[in-house]
Amino acid sequence: MSQHLTIVDHPLVQHKLTIMRHTDTPTAVFRQLLREISQLLAYEVTRDLAMTTKRIPTPMAEMDAPTLAGKKLALISILRAGNGLLDGVLELIPSARVGFVGLYRDEETLQPVQYYFKVPEALEDRLVIAVDPMLATGNSSVAAIDLLKKAGASNIRFLCLLAAPEGIARMKEAHPDVPIVTAAVDERLNEVGYIVPGLGDAGDRMFGTK
């Protein structure tokens, strides 16, 4: 991908996102819509995957058929909310390898604190897609990408549901080589680092916690 920021403005994505934003949308519906949107976003983030061909028989004849090239890609969920996107993308790409980066945001400093890191081997040979519904301050996302690069990843993409201008700028400054794919860019962050108008805390709404 050549663009640093791609906004997926497909009508189905935007319609589903509107339902997710609504305060009265229940947890089960929120979770299902997130899974559905993640699959639509996954089409965009994987649009230019490397391809090759292999010889196969069909019921009518043999042919050189297109197939994915190289090692299986790696999906990295930034816990805990990233799992909502991960589930949907895995349904689309079930052969992908999966890893997890555990980070939480200190509510006073807004800085990320790491508590878990487990990723597939040979990241340097894989396309790595990091997933997290919200790109707010960008601090956690930048920290996660830092860790992935230290583990050898060099071809990384970041997939999120919503982004704030501040988070996009932070990511571009720290990791200009990592394209961002999102469904929408909202107005701003509020004084405690939440996206406005946003949809609240994605993890809380996904798992029914406060």
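Tutor: A patch, as the word is used here, is made of residues with over 30% relative accessible area and no salt bridge, and nonpolar side chains are joined within 5 Å. In this predicted model, Tyr-104, Tyr-115 and Tyr-116 form a nonpolar patch on the surface, and together they have about 340 Å² of accessible area. Tyr-116 belongs to strand β6, which covers residues 112-118. Tyr-116 counts as partly exposed because its relative accessibility is 39%.

An unreviewed UniProt entry lists under "binding site" Arg-80, Arg-105, Asp-132, Pro-133, Met-134, Leu-135, Ala-136, Thr-137, Gly-138, Asn-139, Ser-140 and Asp-201. Of these residues, the lining of the largest pocket includes Arg-80, Arg-105, Asp-132, Pro-133, Met-134, Ala-136, Thr-137, Gly-138, Asn-139, Ser-140 and Asp-201.

Met-134 has 17% relative accessibility, so it counts as buried; the cut-off for buried is under 20%. Leu-135 counts as buried because its relative accessibility is 0%.

Their contacts can be set out in turn, leaving aside neighbours within four places in sequence. Met-134 is in contact with Leu-162, Ile-195, Leu-199, Gly-200 and Ala-202. The contacts of Leu-135 include Ser-141, Phe-158, Cys-160, Ala-163, Ala-164, Gly-167, Ile-168, Met-171 and Ile-180. Leu-162 and Ile-195 are in contact with Met-134 and also with Leu-135.

Terms used
Residues are numbered from 1 along each chain as its sequence is written. This is a predicted model: local features need pLDDT of at least 70, side-chain atom pairs count only at pLDDT 80 or more; totals for chains, interfaces and linings use all residues. Side-chain values use heavy atoms; hydrogens and water are left out. Patches are made of residues with over 30% relative accessible area and no salt bridge: like charges are joined within 9 Å, nonpolar side chains (Val, Leu, Ile, Met, Phe, Trp, Tyr) within 5 Å. Accessible areas come from the Shrake-Rupley method with a 1.4 Å probe; for residues, only the protein chains shown count as cover. A salt bridge is a side-chain nitrogen of Lys or Arg within 4 Å of a carboxyl oxygen of Asp or Glu. Helices (H or I, at least four residues) and strands (E, at least two) are DSSP runs, numbered from the N terminus. Buried means under 20% relative accessible area, exposed over 50%, partly exposed in between (1.4 Å probe, protein chains only). UniProt positions are given in the numbering used here, feature names are shortened, and annotations may be inferred rather than shown by experiment. On a 1 Å grid over the protein atoms alone, a cavity is a set of points where a 1.4 Å probe fits but cannot get out, and a pocket is an open set with protein on both sides within 12 Å along at least five of seven lines; lining residues have an atom within 4 Å of a point. Contact means heavy atoms within 4.5 Å.
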